[in-house]
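The following exercises examine one protein structure, each with a worked solution. Please study the sequence and the structure before reading on.

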Amino acid sequence: MYRDARYIITGLVIFVGLMTFPFWSNAGRAALAPAPNLDTPAIRQLPAKQCIEATQYMRAYHMQLLNDWRTQVVRDGKEIYVASDGKQYTMSLENTCFQCHSNKAEFCDQCHTYAGVEPDCWSCHIEPKENK
């Protein structure tokens, strides 16, 4: 019974080593958060560099905002968004958001890749062509 113990222990050590390799091999290595490029021709032409809501709000809740817009436009027929500052915007990814954020590869994709998410925007919307 004890004569196979060394094979069993060796096998367990190898198994545990292989299963935990992804964790201990990346210990102490954090990926740097992306810094999206906000320098687009459309943004440069704006008199005030301001999104529809505050930057921190947009970073945290942009997907929720877009989902709410989709629901309100498609199901409720509402097309105007009133921002927290009272300004009104058309609820449209293509006609509102992409008017300023035209650099999808540097703006959208960079953060989505970092966060490991793949939004389903392009199941309904036409993917924007890059405006240089």
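A residue is called buried under 20% relative accessible area, exposed over 50% and partly exposed in between, with a 1.4 Å probe and protein chains only. The structure is a predicted model, in which local features need pLDDT of at least 70 and side-chain atom pairs count only at pLDDT 80 or more, while totals for chains, interfaces and linings use all residues. Residues are numbered from 1 along each chain as its sequence is written, and side-chain values use heavy atoms, with hydrogens and water left out.

**Exercise 1. Aromatic pairs**

Describe the geometry of the pair F21 and W24, then that of Y57 and Y61.

Solution. Step 1 is the rule: rings of Phe, Tyr and Trp (its six-membered ring) pair if their centres lie within 6.5 Å; planes under 30 degrees apart count as stacked, over 60 as edge-to-face and the rest as tilted. The structure holds three aromatic pairs by this rule.

Step 2 applies the rule to F21 and W24: their ring centres are 5.1 Å apart and their planes stand at 90 degrees, so the pair is edge-to-face. Both residues belong to helix α1 (residues 5–25), three residues apart, about one turn of the helix; helices (H or I, at least four residues) and strands (E, at least two) are DSSP runs, numbered from the N terminus. F21 has 44% relative accessibility and therefore counts as partly exposed, whereas W24, with a relative accessible area of 52%, is exposed.

Step 3 turns to Y57 and Y61, an aromatic pair that is tilted, with 5.2 Å centre to centre and 40 degrees between the planes. Helix α3 contains both Y57 and Y61, four residues apart, about one turn of the helix. Y57 is partly exposed at a relative accessible area of 34%, and Y61 counts as partly exposed at 45% relative accessibility.

**Exercise 2. The salt bridge**

Which residue forms a salt bridge with D109?

Solution. Step 1 is the criterion: a salt bridge is a side-chain nitrogen of Lys or Arg within 4 Å of a carboxyl oxygen of Asp or Glu. A search of the whole structure gives one salt bridge.

Step 2 names the partner: D109 is joined to K104, and the closest N and O atoms are 2.9 Å apart.

Step 3 considers accessibility. K104 counts as buried because its relative accessibility is 5%, while D109, at 27%, counts as partly exposed.

**Exercise 3. Cysteines**

How many disulfides does a search of the whole structure find?

Solution. Step 1 is the criterion: a disulfide is a pair of cysteine sulfur atoms within 2.5 Å. The search of the whole structure finds zero disulfides.

Step 2 examines C97, whose sulfur is 6.9 Å from the closest cysteine sulfur, in C51, and therefore too far for a bond. C97 counts as buried at 19% relative accessibility. C100 is likewise in no disulfide; the nearest cysteine sulfur, that of C51, is 7.3 Å away.

Step 3 locates C51 in the loop between α2 (41–45) and α3. C51 counts as partly exposed, at 29% relative accessibility. The C-alpha atoms of C51 and H101 are separated by 9.8 Å, although the two residues are 50 residues apart along the chain.

**Exercise 4. The largest pocket**

State which helix supplies the largest share of the lining of the largest pocket.

Solution. Step 1 defines the term: on a 1 Å grid over the protein atoms alone, a pocket is an open set of points where a 1.4 Å probe fits, with protein on both sides within 12 Å along at least five of seven lines, and lining residues have an atom within 4 Å of a point. Grid points are joined across faces, edges and corners, and a volume is the space filled by probe spheres set on the points.

Step 2 gives the volume, about 1,200 Å³. The lining has 42 residues, and those closest to the centre of the pocket are L38, C51, M58, H101 and F107.

Step 3 assigns the lining to helices: α3 (55–74), α4 (93–100) and α5 (104–115) each supply at least two residues. The largest share, eight residues, comes from α3.
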